[in-house]
Amino acid sequence: MFVQRACTLARVHCRILQGCYLQSVKTCYTYAKAPYKTRPYSLSQQSVLLPGKERIRSSVLLDDPTVLVSEIPGSPDVQTVFDCLRHGLEVSGDGPCIGVKNSSTGQYEWTSYSEVIAKAQRIGCGLLHVGMKPRNDTFVGIFAVNKQEFMLTLFACAAYSMVSVPLYTSIGLQSILYIIDQASLPLVVVNDTDNTLKILQNIKQLPSLQSLVIMDPITPQIEQMAKERNIQVLEFSELENLGRNSLTDLVLPKPDDLFCIPYTSGTTGTPKGVMLTHNNVIACIGSLKMGYGESGTYGGSIMSYLPPAHIYEIMNEVASLYYARRIAFYNGDIRKLMDEVKILKPTILTLVPRIMNAIYARVMEKVEGNALKSFLLRAALARKEKLLKRGKMTTQTIWDKLVLKEFQEALGGRTHMIFCTSAPISADVMTFFRRASGAYVFEVYGQTESLAAVMTLPLEYGGGFTGGPLPCNFVKLVDVPEMGYFSKDDFGEVCIKGANVFKGYFNNEKATQESIVDGWQHTGDIGMWLPNGSLKIIDRKKHLFKLSQGEYIAPEKIEAVYSNSKLVLQILVEGNPDQNYIVALVVPEPENLKSWLKTKGYKDSDDITQLLSNKEVRKNFLLELRKIGSLKDLISLEQAKNLAFLSEPFSVENDLMSPTLKVRRGQARKHYENLILSLYNEGPLL
């Protein structure tokens with residue numbers, strides 16, 4: 001029966017792609033509540049420009065571009081996040097759901113969909129047993145790394161109308177304390193002893209906190225501190241057992257109820273709680289389903305490794321459960337991630353630019369200096385691009401078997417779809433993955449406040465843009481006159497309106513009013529529409545800086561270009577309104593730097609620290625960056641004229657990166673203020 005159900009859903013999904021475009025355009029914008037058709041599309045037209053002065057754009061996938069998606073096509077009964085889990089149970093025929101690797105055998109051991117649902121119910125009832133109420137004003141914090149207990153707690157809350165508040169373990173203690181207090185959390189689920197102690201040691205700052213549930217065994221020290229502070233502590237397994245002995249019926253939320261409140265990672269200031277409803281998530285999954293097209297198959301597997309408090313990872317898990325996939329949790333060591341990928345052989349890969357850049361760099365290093373290997377790789381990629389242009393996705397060509405097989409096996413060997421989001425990625429890296437992987441590669445643009453809002457189409461073979469609007473939202477660009485951007489020229493701040501846009505910031509009406517204006521979420525990102533109707537993100541509005549000539553500079557664009565150099569591990573571009581040029585702070589790639597220094601006549605025995613402060617070395621390094629900048633069409637003002645090397649990488653630990661691995665520009669600028677000033681005092685190297 002379940003197989004028959006899955007086949008029926010697959011046939012329905014295929015029919016969704018066969019609709020015809022209605023020529024009439026309505027004057028009011030509404031949300032569709034019935035099954036949808038999807039009109040034929042072309043990669044040369046990736047969005048629909050609606051009539052009107054606002055120059056609003058809509059998805060090419062909609063039958064009527066003025067009628068947005070608010071539910072999942074073919075699954076009208078899936079109204080909440082917990083419904084996605086139950087849908088996965090039905091479609092999979094109670095197949096494997098959650099996998100954790102056995103440290104002894106090295107193989108994944110799987111928990112079935114029905115058992116995951118039972119566990120979520122027991123954990124939810126355990127929360128009720130210790131005093132939580134099955135209401136939408138009950139908030140539960142989850143302060144943990146990526147592991148199955150995090151996901152189980154997320155769905156336990158969803159089963160009983162409670163609201164989860166996911167917390168990054170790497171966001172910093174003061175931010176954690178701020179969030180617990182600001183959200184008035186009565187209970188927090190914690191992953192280990194260290195984090196539990198941090199909370200208990202600062203309990204005076206947390207008047208709302210009453211209980212801690214700990215995934216690790218409770219130590220005598222924790223037990224004693226909790227007793228002294230009148231805080232209830234119990235182990236996660238004990239919580240589940242309490243629920244086992246006091247099971248009650250599910251209390252499912254309404255679609256418009258809150259699902260979770262993830263907090264922004266705070267790259268520009270104090271973290272803000274983003275109120276997301278079940279309908280926000282469901283509308284987004286419905287749009288993604290339409291965006292996948294025929295590539296969106298049911299079943300398969302995915303590796304869960306990203307920070308679980310990141311909305312990208314939460315969406316990965318919820319959507320995967322809807323699609324009846326297996327979710328494997330990695331062992332916690334990011335350095336061994338690709339080794340685990342080879343064991344799991346996932347069909348879905350969710351990547352971030354940092355990982356894709358590293359994989360791409362390793363491939364390029366292997367062919368560099370070898371004329372035959374370079375020729376074969378170029379020939380293979382050219383042939384695969386021709387196939388993509390003809391609508392053919394395959395890993396079975398002679399080029400796949402002879403040239404690209406090693407790369408494809410490094411991705412697991414069975415990859416069907418790859419997703420990338422969270423930060424800009426270079427066109428070179430994206431086009432390489434699209435041609436070489438033999439998988440559908442989607443680039444997704446969104447924010448915590450709007451989940452996924454823009455996505456590239458299946459069979460895309462290019463790069464350097466994020467695609468068109470998803471069917472759940474409209475997108476428009478708003479004038480930023482002080483920076484010279486005007487929507488009539490297809491430039492401006494990206495604004496989003498649709499069923500995926502958040503309700504507002506928790507207990508922060510001022511920030512909400514600044515972000516949502518007349519129903520439009522102002523992202524703070526600067527974008528431009530390309531001739532093919534695709535959106536390209538230029539930079540963050542707040543990151544732009546002005547030089548003395550009055551010209552605005554987009555630092556992230558330049559950093560993305562310079563990061564193509566194999567000599568660069570990390571880079572920060574900065575400027576000053578009193579100066580007429582920009583400077584760069586570079587963390588060099590150690591091994592490649594050594595090889596490069598040898599080509600310049602330096603020896604292994606030379607003091608690397610002294611070399612990196614040597615003016616001639618810095619000048620030659622800057623020349624390497626400027627060569628790449630010229631190849632990528634950076635204008636003169638966008639080319640750095642001085643640089644300094646950094647001995648310490650940007651990291652979450654030194655507070656120079658957010659938990660989502662984005663540089664905290666304000667923090668970095670302040671931290672290196674004197675160094676930047678010294679570069680300007682020195683003057684241009686070139």
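Modeller: Buried means under 20% relative accessible area. This model is predicted. Both Tyr305 and Tyr330 are buried.

Biologist: What makes the pair of Tyr305 and Tyr330 edge-to-face?

Modeller: Two values describe a pair of aromatic rings: the distance of the centres and the angle of the planes. Rings pair if their centres lie within 6.5 Å, and planes over 60 degrees apart count as edge-to-face. Here the centres are 6.4 Å apart and the planes stand at 80°, so the pair is edge-to-face.

Biologist: Which parts of the chain does the pair link?

Modeller: Distant parts, 25 residues apart. Tyr305 lies in the loop between strand S14 and helix H10. Tyr330 lies in the loop between strand S15 and helix H11.

Biologist: How many aromatic pairs are found in the whole structure?

Modeller: The search finds 20. Ring pairs also join Tyr292, Tyr298, Tyr322, Tyr323, Phe419 and Phe442 into a cluster.

Biologist: How do you know that the charged end of Arg57 sits over the ring of Trp529?

Modeller: CZ of Arg must be within 6 Å of the ring centre and within 35 degrees of the ring normal. The charged end of Arg57 is 4.9 Å from the centre, and it is placed over the ring. Arg326 sits over the ring of Trp110, also with 4.9 Å to the centre.

Biologist: Why do strands S29 and S31 stand at the edges of their sheet?

Modeller: The open sheet runs in the order S29-S30-S31. S29 and S31 each have a single partner strand, so one side of each is left without a neighbour in the sheet.

Biologist: In which sense do S30 and S31 pair?

Modeller: Parallel, over four bridges. Leu585 has Ala644 in S31 as its bridge partner.

Notes
Residues are numbered from 1 along each chain as its sequence is written. This is a predicted model: local features need pLDDT of at least 70, side-chain atom pairs count only at pLDDT 80 or more; totals for chains, interfaces and linings use all residues. Side-chain values use heavy atoms; hydrogens and water are left out. Two strands pair if DSSP finds at least two bridges between them. Helices (H or I, at least four residues) and strands (E, at least two) are DSSP runs, numbered from the N terminus. Rings of Phe, Tyr and Trp (its six-membered ring) pair if their centres lie within 6.5 Å; planes under 30 degrees apart count as stacked, over 60 as edge-to-face and the rest as tilted. Buried means under 20% relative accessible area, exposed over 50%, partly exposed in between (1.4 Å probe, protein chains only).
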